[in-house]
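Reader: I am new to reading models like this one. Please take me through a close look at a single part, in short steps.

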Amino acid sequence: MPRRWRPGALIHCSAVLHAAAAAGIALRPEAWPWAVGAVAANHGLLTAAGLLPRCSLLGTNWTRLPGAAAARGEIALTIDDGPDPDVTPRVLDLLDAHRARATFFVIGRLVREHPALAREIVARGHAIENHSEHHLKTFSLHGPRWLAHEIGAAQDTIAEVCGRVPRFFRAPAGLRNPFLEPVLARLDLQLASWTRRAYDTRNGDADAVASRLLGGRDGKTRGGDILLLHDGNAARTSQGRAVILDALPRVLDSCRAAGLMPVTLEHAIP
Ligand SMILES: [Zn+2]
């Protein structure tokens, strides 16, 4: 059963404002510049909300794990843009060595290219979730039909290859528009962003990536945090290694020292 679409606060306000602007023009046609101005400002606000990946004004959005998981000292490592045949197997070994579970937001097209690797992620106890079929830069510029097709295609790919239907969706680069949330509701997908990211597709400094994920110099990682790293599209260190391979062990060691347990997003659903 798809979940019910619950429009975010900004969507409610926008609907009311559009209706008020139409009624205002009907009652006092000479006031049309005010009505048009208000609607234009509202669209500016909707666009701004879609450009902020952690914003919840367009609909429900996990930026942290739910309260019970946070209270149990659980955190979530989320790893995007794979599977990558060079990097992902080594990430899986690192996670095994630290007995940590992670959530991989995979690209459907790459799952079709590397089906055995996608299945191995699941077989080794991790979760695979939906990061769209093609991961296009123009993702957030499309309408509801295209979004439904693009996200539905990745659902089908992952279900066919891995035998598991994703529960979570993450937008490419976190960029969204107001049409996304009703599509996710129909597909029974929960949008997930993150608590902290380290721009590790651009930053090849593993120390900087790890310390940014861990909350900066004062080390503020706490239960409930959702951290974002990349196995696909990873920046390279000065030695030419994908930066996640050097940053991840530091993150996992710090989490263990702080008594935090990395779990999958699915595990944290109340
Ligand atoms: Zn991505």
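How many disulfides does the structure hold? And what can you tell me about the loop between E1 and H4?

Author: Start with a caution: this is a predicted model. The count of disulfides is zero. Take Cys 55, which is in no disulfide. Its nearest cysteine sulfur belongs to Cys 13 and is 12 Å away. Cys 55 is buried, at 12% relative accessible area. Cys 162 is buried too, with a relative accessibility of 14%.

Now the loop. Strand E1 covers 74–80, and helix H4 covers 88–97. Between them sits Pro 83. Look at the peptide bond that joins Gly 82 and Pro 83. That bond is cis, with omega at about 0°. Most peptide bonds are trans, and most residues other than glycine have a negative phi.

Asp 81 is in this loop as well. Its phi is positive, near 80°, and Asp 81 is not a glycine. Is Asp 81 buried or exposed? Asp 81 has a relative accessible area of 6%, so it counts as buried, the cut-off being under 20%.

For a second case, go to Tyr 199. This residue lies in the loop between strand E6 (196–197) and helix H9 (206–213). Tyr 199 also has a positive phi, about 50°, without being a glycine. Its relative accessible area is 32%, and Tyr 199 is partly exposed. Asp 81, by contrast, is buried.

Note on methods
Residues are numbered from 1 along each chain as its sequence is written. This is a predicted model: local features need pLDDT of at least 70, side-chain atom pairs count only at pLDDT 80 or more; totals for chains, interfaces and linings use all residues. Side-chain values use heavy atoms; hydrogens and water are left out. A disulfide is a pair of cysteine sulfur atoms within 2.5 Å. Buried means under 20% relative accessible area, exposed over 50%, partly exposed in between (1.4 Å probe, protein chains only). Helices (H or I, at least four residues) and strands (E, at least two) are DSSP runs, numbered from the N terminus.
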